[in-house]
Amino acid sequence: MNQEQKQNNTIVKNTMYLYIRTFLTMVLSIYTSRVVLQVLGVEDYGLYNVVGGIAASFSFLSSMLSNATQRYLNYAIGANDYEKANQIFNMNLIIYLVYAIISIIVVEIGGAWFIENKMVVAPERVDAVYYTLHATTIVLAISLISSVYESALIARENMKIYAYMGMYDAVMKLAIVFLISYLSFDKLKAYAVLMAIMSISAKLIPAIYCFRHYPETKLKYYWDKGQFKSMFKFVGWNFLGTSVFIINDQGMNMLLNSFFGAGVNAARGLSMHVKGAISSFSSGFFTAIRPQIVKSYAAGEHKRFVQLVFNGTRYTFYLLWIVSLPIMLRVNELLDIWLKDVPEWTGQFVIWICIFNLFNSSFCDPIWQGMQAIGKLKKYVAIGSIIYLLAFPLSLLAFNNEAAPVAAFQILVFVRMVYFIVAILIFKDYTQIRINDYVKTVLCPIIKVLVVSVIFGYCVNLALPNTIFGTFVSCLLIVIVITLTIFLIGIQQSERQMVADYIKRKVLRK
């Protein structure tokens with residue numbers, strides 16, 4: 001077996017671990033969000049989504065910073081230089097401690113200002129909102145520091161432990177919801193505090209495992225001014241780019257609260273749960289492929305590097321599309337099945353967040369990972385941040401002109417499309433890829449799959465009634481249609497042959 005086959009097998013094995021995690025966490029997350037809405041009520045759920053949602057956003061920040069650390073660790077581990085990896089680990093730990101302190105100050109001061117001056121909240125619930133803010137701050141600090149250990153796990157391509165972490169997180173969240181339903185204490189306060197405690201315990205898992213198994217994660221004081229400057233600069237651009245994403249995300253949430261109240265925040269919170277569940281179908285694959293993107297670039301394997309970025313885009317889109325299309329076509333029926341009381345605007349929010357997710361995860365994320373492997377982030381982050389930050393003032397302008405809440409999501413989609421166009425042009429400059437190759441290899445197959453599956457999916461949807469059974473059959477048939485379309489026109493001949501050979505081996509073995 002050659003080296004490339006071994007690398008591909010590693011991707012497949014790690015993807016399997018992550019998909020087991022995905023299935024369990026998705027089921028638990030969907031059920032948990034329903035119970036949380038029932039236990040807290042629409043208003044408190046909306047309030048938690050405004051303030052407590054900061055923690056979720058910053059968990060995204062810790063994930064992205066983890067990716068930055070992985071770049072350096074992948075280089076060192078790929079060269080079997082574990083002393084260098086240990087130096088990188090400890091230097092990054094110092095950097096993240098600095099970012100954690102800065103972030104705590106910003107969130108506490110900014111959050112308090114927003115609560116006192118802009119947030120739409122009943123006076124008697126202000127104390128509970130502050131509890132949520134303080135709990136969020138604790139989660140933020142722990143998430144940032146522990147991201148160094150998570151980056152070590154992924155750099156080592158140990159997705160088994162990474163999968164256990166996700167399952168523990170999902171099970172504990174469900175346990176917390178059931179626990180607070182029996183407490184006489186203020187449920188929003190209890191939920192915020194218990195979620196913080198759970199997050200701390202979840203973040204200890206990778207830290208303990210790495211400390212016991214990986215020599216590069218042993219704590220040891222190390223300081224190199226030149227290396228620190230290089231890493232601080234790289235992680236800093238990551239921090240800036242991801243912070244812009246979070247500012248937009250939370251800015252939109254706060255904007256919706258200011259104009260429309262906590263009920264709309266509850267609808268947005270539920271749509272974000274749907275987004276998270278859908279994203280999990282592709283994130284397992286992309287988490288498995290991410291270290292290979294960095295390692296192939298570090299090894300000078302330019303062809304494989306570009307191939308991984310291109311294939312990562314196609315496969316991520318397909319995995320998301322298989323789940324997104326049936327949800328978008330049957331969104332109201334699925335929400336009625338999932339929730340007893342569906343907040344207004346939830347259905348439209350879900351549709352547009354699915355569209356946004358397709359652009360963001362499928363087209364922007366692979367290019368971002370490619371740019372991180374290259375290490376040239378200044379131009380990419382600076383231009384991209386300016387474009388993406390336009391979403392907030394455009395939404396504010398729209399709301400001041402009496403636009404509906406869904407306009408915020410539509411503007412996000414438009415801005416992300418512009419962002420993608422700029423991103424691919426910058427990526428081209430650093431890799432010398434041809435746009436025609438990207439269009440032919442990536443965009444054309446995706447467009448073919450999209451058009452054919454939308455036509456057939458829409459016809460299937462119209463043919464079946466809006467009952468629970470009709471919704472189930474419709475979604476199943478749409479998934480089958482998309483899968484067949486991908487196999488027939490969405491992948492290359494060599495890929496179809498590989499799939500066919502794999503199925504034959506499995507059949508003959510039986």
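**Figure 1. Arg-125 in the loop between helices H3 and H4.** In this predicted model, Arg-125 lies in the loop that connects helix H3 (82-117) with helix H4 (126-155). Although placed in a loop, Arg-125 is buried, its relative accessible area being 16%, which falls under the 20% that limits the buried class. When residues up to four places away in sequence are left out, Arg-125 touches Asp-44, Leu-47, Asp-186 and Leu-188.

**Figure 2. The contact of helix H7 with helix H12.** The axes of H7 (residues 225-260) and H12 (residues 378-388) come within 9 Å and cross at roughly 10°; the two helices are therefore roughly parallel to each other, since angles under 35 degrees are classed in this way. On the side of H7, the contact is made by Trp-237, Leu-240, Gly-241, Val-244, Phe-245 and Asn-248, while H12 contributes Lys-378, Val-381, Ala-382, Ser-385 and Tyr-388.

Figure 3. Helix H9, formed by residues 302-329, has 28 residues and reaches 40 Å from its first C-alpha to its last, close to the 40 Å expected at 1.5 Å a residue.

**Figure 4. Trp-338 of helix H10 and its distance to Ser-33.** Trp-338 is placed in helix H10, which runs over residues 331-338, and at 13% relative accessibility it counts as buried. Along the chain, Trp-338 and Ser-33 are 305 residues apart, whereas in the model their C-alpha atoms are separated by 9.5 Å.

**Figure 5. Helix H14 and the residue that follows it.** Helix H14 (residues 407-431) has 25 residues, and the distance from its first C-alpha to its last is 36 Å, close to the 36 Å expected at 1.5 Å a residue. H14 is followed by Gln-432, for which phi is positive, near 65°.

**Figure 6. Lys-448 of helix H15 and Gly-490.** Lys-448 is found in helix H15, which covers residues 435-463, and its relative accessibility of 47% makes it partly exposed. The C-alpha atoms of Lys-448 and Gly-490 are separated by 7.1 Å, although the two residues are 42 apart along the chain.

Figure 7. Ser-474 belongs to helix H16 (residues 468-490) and is buried, with a relative accessible area of 0%. Not counting residues up to four places away in sequence, the residues that Ser-474 touches are Arg-330, Val-460, Asn-461 and Leu-464.

**Figure 8. The chain as the setting of the close-up views.** The chain has 17 helices and zero strands, and buried residues make up 53% of its 510 residues. Of the contacts in the chain between residues at least 6 apart in sequence, 84% join residues at least 24 apart.

Technical notes: Residues are numbered from 1 along each chain as its sequence is written. This is a predicted model: local features need pLDDT of at least 70, side-chain atom pairs count only at pLDDT 80 or more; totals for chains, interfaces and linings use all residues. Side-chain values use heavy atoms; hydrogens and water are left out. Helices (H or I, at least four residues) and strands (E, at least two) are DSSP runs, numbered from the N terminus. The expected span of a helix is 1.5 Å times one less than its number of residues. Axes are lines fitted to C-alpha atoms, for helices over the stretch in contact, and angles run from 0 to 180 degrees between N-to-C directions. Angles under 35 degrees count as roughly parallel, over 145 as roughly antiparallel, 65 to 115 as roughly perpendicular and the rest as oblique. Contact means heavy atoms within 4.5 Å. Buried means under 20% relative accessible area, exposed over 50%, partly exposed in between (1.4 Å probe, protein chains only).
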